[in-house]
Protein chains: 2
Amino acid sequence: MTRSKSKRQTGCPIAFALDTFGDKWSLIIIRDMLMRGKETYGEFLAADEKIATNILADRLQHLQDEGLIEKKRDPQNRRRYLYRLTPKGLDLTPIVLEMVRWSAAYDPNTKASPAVVTRIQSDREGLLKDLIQKNKPERD
Amino acid sequence: MTRSKSKRQTGCPIAFALDTFGDKWSLIIIRDMLMRGKETYGEFLAADEKIATNILADRLQHLQDEGLIEKKRDPQNRRRYLYRLTPKGLDLTPIVLEMVRWSAAYDPNTKASPAVVTRIQSDREGLLKDLIQKNKPERD
DNA sequence: CTGTATCCTTAGGGATACTG
DNA sequence: CAGTATCCCTAAGGATACAG
């Protein structure tokens, strides 16, 4: 494990947020769970950004330690695991959406779904509710 | 210079945002400008988080290159510079506010101004407008 | 398939001295 | 004060082999 993540430990909320999920990969994983319905190790590994397997394992563990995701056995298939957002992790949704909005506005190269982008403006609250509903962990 | 910042260059808006300002220090600098009225090199250097002088210079340059901030001479004092958020940088405000909200909710140790935190919930739009107004670059 | 373990490279960043 | 320039080190992360 590449365990460490020395925290800055000033009381600043921005510093806290950065120390918790402000690395190169955490939000990519969160995005995959939140926006793309991914929930298994293999699905995360297959992401466009090509995360290395050891890094993925490390980040999943870290996100668990921080209480943003939870890991449980797949009831359909006893030898695999499912990763799901906890309420605390799910509550990152507004941050993710604002990042999508910002990038869509300034990166001509961005390929965000137009349906999502326009809805961020026109129906932010509804979109938020939908995403949170879809990722509610009370299945099984 | 520590120039590089290899971009992932997938079309994903989250990856783009992370590649643009997703390092350990950029959002700390943005926060200082946006929420604390800082605009000079020395003021940034004095932050609680103790950024090293070379890193600060590098990040300021990077943020300029990305078009998030601009640097101009202080009209009051010809031998100093002022750093200000551009509209593009100012448009990160919603992201910053959502991060403050999240940390305030989950970090018992956070020392965010309660005035700001409660206003994020009760008057998000008004708070946004106020912050943007305060940081409008049309002074001088 | 779901990870661990190991090895190795490199970029990020700290300390500090120095310059206009 | 407002930066540059060096030196150095560590932790983040890539490649790959291996295990349950």
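Guide: Before we start, a helix here is a DSSP run of H or I with at least four residues, a strand is a run of E with at least two, and both are numbered from the N terminus. Also keep in mind that this is a predicted model.

Visitor: Fine. Which element gives the largest share of the lining of the second largest pocket?

Guide: That pocket has 24 lining residues, and Arg31(B), Met35(B), Arg36(B), Ser113(B) and Val116(B) lie nearest its centre. Elements giving two or more residues are α1 (13–21) of chain A plus α2 (26–36), α6 (93–106), α7 (114–122) and α8 (124–134) of chain B. The largest share is five residues, and it comes from α2(B).

Visitor: And what is the volume of the second largest pocket?

Guide: By class, its lining splits into 12 nonpolar, five polar and seven charged residues. The volume comes out at about 370 Å³.

Visitor: Now the largest pocket: which element gives the most to its lining?

Guide: The volume here is about 530 Å³. Of the 31 lining residues, Arg31(A), Leu34(A), Met35(A), Arg36(A) and Leu131(A) are the closest to the centre. With five residues, the top contributor is α2(A).

Visitor: How many residues in the lining of the largest pocket are charged?

Guide: Asp, Glu, Lys and Arg count as charged, and Gly goes with the polar group. On that basis the lining has 14 nonpolar residues and five polar ones, and the charged residues number 12.

Visitor: On to the two chains. What area is buried between chain A and chain B?

Guide: The contact takes 43 residues from chain A and 44 residues from chain B. Carbon and sulfur atoms give 66% of the buried area, which totals about 3,900 Å².

Visitor: How many salt bridges are there between chain A and chain B?

Guide: Take Glu98(A) and Arg124(B), whose side chains meet at 2.8 Å, N to O. The cut-off is 4 Å between a Lys or Arg side-chain nitrogen and an Asp or Glu carboxyl oxygen, so this pair qualifies. Between chain A and chain B, the count of salt bridges is four.

Visitor: Which element gives the most to the side of chain A that touches chain B?

Guide: The rule also finds 14 residue pairs in polar contact across this interface. On the chain A side, the elements giving two or more residues are α1, α2, α5 (87–90) and α6 (93–106). With 10 residues, the one that gives the most is α6(A).

Conventions: Residues numbered from 1 in each chain as written. Chains lettered and ligands numbered in written order. Predicted model: local features only at pLDDT ≥ 70, side-chain atom pairs only at ≥ 80, totals over all residues. Heavy atoms only, no water. 1 Å grid on protein atoms, 1.4 Å probe; cavity = no way out; pocket = protein on both sides within 12 Å on 5 of 7 lines; lining within 4 Å. Points joined across faces, edges and corners; volume = space filled by probe spheres on them. Contact = heavy atoms within 4.5 Å. Buried area = accessible area lost by both parts, 1.4 Å probe. Polar contact = N/O pair within 3.5 Å; in protein donor to acceptor, adjacent residues only side chain to side chain.
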